[in-house]
Amino acid sequence: MALPLVVGNWKMHGTPAEAFSLARGIRTGLKRVQGVEVVLAPPFTSLSAVYKALRGRSIGLAGQNVFWQEQGAFTGEISPKMLLESGCGFVIVGHSERRRILGESDQFIGKKTVAALAAGLRPILCVGETLQERRQGSTRKIIGRQLRVALKGITKNAIGKIEIAYEPVWAIGTGRNATPDQISLAHQWIRELLRKLAGNEQAAKSRILYGGSVRPENAGDLARAPEVNGLLVGGASLKAESFLSIVNQFISI
Ligand code: PEP
């Protein structure tokens with residue numbers, strides 16, 4: 001298994017100048033990135049500023065979204081190649097905010113995943129249930145469907161290049177994180193499904209991250225939960241101090 005992965009999703013926060021300064025703060029705090037892989041996902045308009053701020057450090061860059069076409073009349077969209085040339089090695093796909101607010105379907109997300117992977121980006125594929133779905137006992141069914149559809153066009157031997165983020169919708173930005181037991185169980189289900197789809201060897205390569213109200217105070221418990229290979233951090237990644245404190249939980253594991 002690769003190193004644990006901690007991703008900061010800045011969502012729609014920060015101008016390029018603000019993003020530069022936040023990235024500099026994180027860079028300064030992470031003099032030696034050891035035992036953990038760190039990736040920042042600023043808004044598209046700040047990718048170049050963050051790339052400059054991180055120069056010379058092994059901190060990765062991710063897009064928050066991508067379109068599946070290489071180029072063309074797709075106003076407002078960004079291609080995998082554009083992300084690659086902006087310094088990105090990763091891209092978040094299927095974030096619940098895009099599913100819920102922008103109406104992205106599982107099929108849509110599948111196309112993005114295929115295109116990102118084909119271009120050489122590592123997709124961070126987000127899945128997760130709503131509170132109602134959890135209460136109905138459908139969590140496994142929902143994340144299973146989201147994964148199966150998104151991974152449909154991916155060959156078996158490429159599945160290991162995809163990182164999965166389990167992000168229960170009810171935990172995102174709410175201050176209410178899933179418990180370590182809930183997370184470990186969902187991650188087990190995800191790993192089992194990956195094994196079914198791609199075999200043990202490929203399934204073991206994907207990192208399964210947890211995301212949803214991760215804070216410095218709960219990050220230690222979440223990082224130590226069985227089956228957790230990293231964290232996807234939203235709100236708490238917007239301050240260098242809190243993000244660094246979360247990353248440090250992995251350095252000391
Ligand atoms: C996210 O946006 O992926 C996320 C997990 O947000 P937050 O940490 O703020 O809940």
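How many residues line the largest pocket, and which of them lie nearest its centre? In this predicted model, the lining of the largest pocket comprises 14 residues, and those nearest the centre are Lys11, Met12, Gln64, Glu97 and Arg98. The volume of this pocket comes to about 390 Å³. Among the elements that contribute to its lining, helix 4, which spans residues 96-101, gives the most, supplying four residues. Divided by class, the lining of the largest pocket consists of six nonpolar, four polar and four charged residues.

Two cavities of 30 Å³ or more were counted in the model, and the largest cavity holds about 120 Å³ of space. Its lining is made up of 16 residues, with Lys11, Ile172, Gly212, Ser213 and Gly234 lying nearest the centre. In terms of residue class, eight polar residues line the largest cavity, together with five nonpolar and three charged ones.

The largest cavity is the space taken by the ligand. The ligand is surrounded by 14 residues, of which Lys11, Glu167, Gly173, Ser213 and Gly234 are the closest. This shell contains eight polar, four nonpolar and two charged residues. In the case of lysine 11, an N or O atom of the side chain is 2.6 Å from a ligand oxygen, whereas serine 213 places a polar backbone atom 2.8 Å from an oxygen atom of the ligand. Glycine 235 likewise contributes through its backbone, an N or O atom of which lies 2.8 Å from a ligand oxygen. Taken alone, the ligand exposes 290 Å², and 98% of that area is buried by the protein.

The second largest cavity has a volume of about 30 Å³. Its lining is formed by Gly94, His95, Ser96, Arg99, Cys126, Val127, Gly128, Gln146 and Glu167. The elements that each give two or more residues to this lining are helix 4 and strand 5, the latter covering residues 122-127. By class, the lining of the second largest cavity divides into five polar, two nonpolar and two charged residues.

Helix 4, in turn, gives two or more residues to the lining of the second largest cavity and is the element that gives the most to the lining of the largest pocket.

Note on methods: Residues are numbered from 1 along each chain as its sequence is written. This is a predicted model: local features need pLDDT of at least 70, side-chain atom pairs count only at pLDDT 80 or more; totals for chains, interfaces and linings use all residues. Side-chain values use heavy atoms; hydrogens and water are left out. On a 1 Å grid over the protein atoms alone, a cavity is a set of points where a 1.4 Å probe fits but cannot get out, and a pocket is an open set with protein on both sides within 12 Å along at least five of seven lines; lining residues have an atom within 4 Å of a point. Grid points are joined across faces, edges and corners, and a volume is the space filled by probe spheres set on the points. Ala, Val, Leu, Ile, Met, Phe, Trp, Tyr, Cys and Pro count as nonpolar, Asp, Glu, Lys and Arg as charged, and the others, Gly among them, as polar. A residue is near a molecule or strand if one of its heavy atoms lies within 4 Å of it. A polar contact is a pair of N or O atoms within 3.5 Å; within protein, one must be able to donate a hydrogen and the other to accept it, and residues adjacent in sequence count only if both atoms are side-chain atoms. Accessible areas come from the Shrake-Rupley method with a 1.4 Å probe; for residues, only the protein chains shown count as cover. A molecule sits in a cavity or pocket if more than half of its atoms lie within 2 Å of its grid points.
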